[in-house]
Amino acid sequence: MNTFRTPLVRRLALLVALCTSASAAAEEPAAPAADPFVDSFLTMSLAYLNQSYLGIGIFGDALSTDLYEEEQVSELLGAHLALVTNVEARLTALKKSPDLDADDRAVVGRLQNIASLLKSQITTLEAVYNGDESQVKKWEELRETTAAELATFEADEQTAETPAETKKS
């Protein structure tokens, strides 16, 4: 069975496409990556981490409305935690690959840091849902730190010169 023909995979592919920066459509096409697989993997990892950040924020917003029962919150946050943990593990394995250069390893390390921040957000938010009000400030700080890391990462990636662009200069 061709997995790219299943409705779920088509929806996920569409979601990844929609998650890319809106400004990217207005920019010139990027120069071909040295390794399209690594570039694609890192791009999809960043898209997933962005979506996780948004999803966790939605759960945080739902806290004030009592939208979910405690059991639902545990299930949903547990599912997010499992996914983020898996992504972090994949990034860890990728970072050890001999096929990556130092720049790629640094990028993977930054993505690992973002995944770690997301994991901390999830566990902190779960503590808040379970009544630990002392974790609210930590939750807010983690949100701000993660947002800043994501924004900085995206800005750095958009301004990074590729080898093909360097030759044109």
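Hi everyone. First, some housekeeping. Because the model is predicted, local features need pLDDT of at least 70 and side-chain atom pairs count only at pLDDT 80 or more, while totals for chains, interfaces and linings use all residues. Residues are numbered from 1 along each chain as its sequence is written, and side-chain values use heavy atoms, with hydrogens and water left out.

Let's start with the overall picture. The protein has seven helices and zero strands, and along the sequence that reads α-α-α-α-α-α-α. Helices here are DSSP runs of H or I with at least four residues, strands are runs of E with at least two, and both are numbered from the N terminus. Of the 169 residues, 29% count as buried; buried means under 20% relative accessible area, exposed means over 50%, and partly exposed is in between, using a 1.4 Å probe and protein chains only. The accessible surface comes to about 11000 Å², and 57% of that belongs to carbon and sulfur atoms. That area comes from the Shrake-Rupley method with a 1.4 Å probe.

A contact means heavy atoms within 4.5 Å.

Helix α4 covers residues 70–95, and its axis comes within 11 Å of the α3 axis, crossing at roughly 155°. That makes α3 roughly antiparallel to α4. The axes are lines fitted to C-alpha atoms, for helices over the stretch in contact, and the angles run from 0 to 180 degrees between N-to-C directions. On that scale, under 35 degrees counts as roughly parallel, over 145 as roughly antiparallel, 65 to 115 as roughly perpendicular, and the rest as oblique. The crossing of α3 with α4 is left-handed, meaning that the near helix is turned anticlockwise from the far one by less than a right angle; clockwise would be right-handed.

Who makes that contact? On the α3 side the residues include Phe41, Leu42, Tyr48 and Leu49, and on the α4 side they include His80, Leu83, Val84 and Val87. By class, there are twelve nonpolar, three polar and one charged. For the classes, Ala, Val, Leu, Ile, Met, Phe, Trp, Tyr, Cys and Pro count as nonpolar, Asp, Glu, Lys and Arg as charged, and the others, Gly among them, as polar.

Tyr48 sits in helix α3 and, at 23% relative accessibility, counts as partly exposed. Setting aside neighbours within four places in sequence, Tyr48 is in contact with His80, Leu83, Val84 and Val87. Tyr48 and Val84 are 36 residues apart in sequence, yet their C-alpha atoms are 8.8 Å apart.

Next, α3 with α6. Helix α3 spans residues 36–63; α3 and α6 pack at an angle of about 155° with their axes 11 Å apart, so they are roughly antiparallel. This crossing is left-handed. The contact includes Leu46, Asn50, Tyr53 and Ile56 of α3, and Trp139, Arg143 and Leu150 of α6. Its residues divide into seven nonpolar, four polar and two charged.

Leu150 lies in α6 and touches Leu46, Asn50, Tyr53 and Ile114, not counting residues up to four places away in sequence. Leu150 and Leu49 are 101 residues apart in sequence and 8.5 Å apart in space, C-alpha to C-alpha.

My last pair is α5, residues 102–129, with α6, residues 136–159. These two pack at an angle of about 160° with axes 9 Å apart, so they are roughly antiparallel. Their crossing is left-handed, and the contact residues divide into twelve nonpolar, seven polar and six charged.

One more residue from α5 before I stop: Gln112. At 14% relative accessibility, Gln112 counts as buried. Leaving out residues up to four places away in sequence, Gln112 touches Glu88, Leu91, Thr92 and Lys95.

Thanks, everyone. That's my tour.
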